[in-house]
Amino acid sequence: LPIIQKTHDLIRWYVPILNRLPRDHRFMLGDRIIAKLYDLLEGLIQARYSREKLPKLYDLNLQLEVLRHQTLLLLNFELLTPKRYAYVSQQINSVGTDLGGWIKQQKGDETLR
C-alpha cells in the first residue's frame with residue numbers, strides 16, 4: 001500500500017532529525033514522536049491484514065493528529081526550521097489524505113454488507 005511506503009519514508013527522513021534534538025527535548029518530545037511514528041507504521045501494517053479495519057483506522061487517524069501537534073510543538077520551540085516543518089507537515093498530511101481515503105473506502109465496503 002502507498003500509505004505504508006509514505007510512512008516508511010517519513011520515518012527515514014524524520015527520525016535522524018529527531019535524534020539530533022537537544023537532550024532535554026530529545027528524551028521527551030523526540031522519543032514520543034519517534035514512538036508514535038513506529039506505532040503508526042505498525043498499525044497501518046496490522047490494519048492492512050485485519051478483517052475489521054475501521055476501528056484500527058480511526059485509531060491511526062487519532063495518532064496522526066497527535067503527531068501533527070507534536071511536530072507543531074517542535075516548530076513552536078524553535079527546534080525545527082520553518083522549511084523542515086513545511087516539508088514534514090506536507091508528508092504527514094499526505095499520509096492523512098491516504099488514511100482518510102482508506103477510511104472512506106472501508107465505510108463504503110461496510111454499507112455494502
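This is a predicted model: local features need pLDDT of at least 70, side-chain atom pairs count only at pLDDT 80 or more; totals for chains, interfaces and linings use all residues.
Thr71 sits in helix H3, and Gly43 sits in helix H2. Glu78 lies in the loop between helix H3 and helix H4.

**Thr71**
- Thr71 has a relative accessible area of 1%, and because buried means under 20%, Thr71 counts as buried.
- The side chain of Thr71 makes a polar contact of 2.9 Å with the side chain of Tyr14.
- The backbone oxygen of Leu67 is also reached by the side chain of Thr71, at 2.9 Å.
- Leaving aside residues up to four places away in sequence, Thr71 touches Tyr14, Ile33, Leu80, Tyr85, Val88 and Ile92.

**Gly43**
- Helix H2, which holds Gly43, covers residues 23-49.
- Gly43 has a relative accessible area of 2%, so this glycine is buried.
- When residues up to four places away in sequence are not counted, Gly43 touches Lys56 and Leu60.
- Arg68 is 25 residues from Gly43 along the chain, and the C-alpha atoms of these two residues are separated by 17 Å.

**Glu78**
- Glu78 has 72% relative accessibility, and because exposed means over 50%, Glu78 counts as exposed.
- The phi angle of Glu78 is near 60 degrees, which is a positive value in a residue other than glycine.

Terms used. Residues are numbered from 1 along each chain as its sequence is written. Side-chain values use heavy atoms; hydrogens and water are left out. Helices (H or I, at least four residues) and strands (E, at least two) are DSSP runs, numbered from the N terminus. Buried means under 20% relative accessible area, exposed over 50%, partly exposed in between (1.4 Å probe, protein chains only). Contact means heavy atoms within 4.5 Å. A polar contact is a pair of N or O atoms within 3.5 Å; within protein, one must be able to donate a hydrogen and the other to accept it, and residues adjacent in sequence count only if both atoms are side-chain atoms.
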